[in-house]
Amino acid sequence: MTSIPREGRRNDAEPVIRVVLADDHPVVRAGLAALLTSLPGIEVVGVASTGREAIREVVTTRPDVAVLDLQMPDLDGFAATRELGRTAPSVAVLVLTMFEDDDSVFAAMRAGARGYLVKGAEQEEIARAIRAVAAGEAIFGPGVARRVLAFFSTPPPTTDPFPELTTREREILNLLAAGLSNTAIGDRLSLASKTVANNVSTIFTKLNVADRATAIIQARNAGLGNP
């Protein structure tokens, strides 16, 4: 664990973005530290090799951004991100890792990371990501961004309540839950009262209920009851 002294500002108008870097591989850590130090307007104020060291560095130096790997000893990047959300909520977390599977991406986002890059990203991309999360934006590498967009553009799976019922039986149960009588249901659906009564009896059998009141309760609990 090494602390690097602060160098100040680029100029009076533009403050330097202060960064803590955490990665468990010494060669990778040293290379990233050298890379970030070479970027204009970015100052590495601390480095760490474990998740707990990263938290201590952040709490001690109060940087603008913490760049974290996900796979680290004693406390992984997910847990470290969550802990930083509690102990240093003003510090933006940028994940820089080799993992780009959906589980890792969304777990990191749920933990509180504002950005997610895959190792191998270009220098300009890393610099842009650090500046973006420091400014309060969310940013993802190209491959990760495609995954996130695909996730949100895919409609969530919908399941119909009471799949054992036919479409007509579900319509009748919905109106039943809305408080309509058999006669009113028949008028609404242009069905004979006897047909409605037969359907209601079938619905009771399929739902394994003994009476109208129990069927209505089940239907309303499932979100039905809109006339």
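Biologist: Is R62 buried, partly exposed or exposed?
Modeller: R62 counts as partly exposed, because its relative accessibility is 40%. Keep in mind that this is a predicted model.

Biologist: Where is R62 found?
Modeller: R62 is in the loop that runs between helix 2 (51-61) and strand 4 (65-68).

Biologist: What about the phi of R62?
Modeller: R62 has a positive phi, about 50°, although R62 is not a glycine. D74 is also not a glycine, and its phi is positive at about 65°.

Biologist: Where does D74 lie?
Modeller: In the loop between strand 4 and helix 3. With a relative accessible area of 46%, D74 is partly exposed.

Biologist: Let's zoom out. How many helices and strands does the protein have?
Modeller: The secondary structure comes to 10 helices and 7 strands. The radius of gyration is 29 Å, while the globule rule gives 17 Å for 227 residues, so the protein is more spread out than a compact globule.

Biologist: What box do the C-alpha atoms fill?
Modeller: Roughly 85 × 35 × 30 Å, taken along the principal axes.

Biologist: And how much of the protein is buried?
Modeller: Buried residues make up 44% of the 227 residues. The accessible surface of the protein is about 11900 Å², and 53% of that belongs to carbon and sulfur atoms.

Biologist: What share of the contacts join residues at least 24 apart?
Modeller: 63%, counted among contacts between residues at least 6 apart in sequence.

Biologist: How many positive and negative charges are there?
Modeller: There are 24 positive and 27 negative charges, and their mean positions are 7 Å apart.

Biologist: New topic, helix 10. Which of its residues are buried?
Modeller: Helix 10 covers residues 212-221, and its buried residues are A215, I216 and A219. They span an arc of only 100° around the axis, which puts them on the same side of helix 10.

Biologist: Why would residues three or four places apart point the same way?
Modeller: An α-helix has 3.6 residues a turn, so residues with that spacing point the same way.

Biologist: What do the buried residues of helix 10 pack against?
Modeller: They pack against helix 7 (167-177) and helix 9 (193-207).

Biologist: Which residues are exposed on the other side of helix 10?
Modeller: I217 and N221 are exposed there.

Biologist: Now T81. Where is its place, and is T81 buried or exposed?
Modeller: T81 is in helix 3, which covers residues 77-87. T81 counts as buried because its relative accessibility is 3%, and the cut-off for buried is under 20%.

Biologist: What is T81 in contact with?
Modeller: Leaving aside neighbours within four places in sequence, T81 is in contact with L68, V93, A111, G112 and A113.

Biologist: Last one, K119. Where is K119 found?
Modeller: K119 is in the loop between strand 6 (115-118) and helix 5 (123-134). Its relative accessible area is 25%, so K119 is partly exposed.

Biologist: And which residues is K119 in contact with?
Modeller: Again leaving aside neighbours within four places in sequence, K119 is in contact with D23, V28, D69, L96, T97 and M98.

Biologist: How far apart are K119 and G46?
Modeller: They are 73 residues apart in sequence and 20 Å apart in space, going from C-alpha to C-alpha.

Note on methods:
Residues numbered from 1 in each chain as written. Predicted model: local features only at pLDDT ≥ 70, side-chain atom pairs only at ≥ 80, totals over all residues. Heavy atoms only, no water. Helix = DSSP H or I, 4+ residues; strand = E, 2+ residues; numbered from the N terminus. Rg over C-alpha atoms; globule rule 2.2 N^0.38 Å. Buried < 20%, exposed > 50% of the residue type's maximum accessible area, 1.4 Å probe, protein only. Contact = heavy atoms within 4.5 Å. Areas by Shrake-Rupley, 256 points an atom, 1.4 Å probe, with all protein chains shown as cover. Lys, Arg positive; Asp, Glu negative; His and termini not counted. Charge placed at Lys NZ, Arg CZ, Asp CG, Glu CD. Arc of directions from axis to C-beta.
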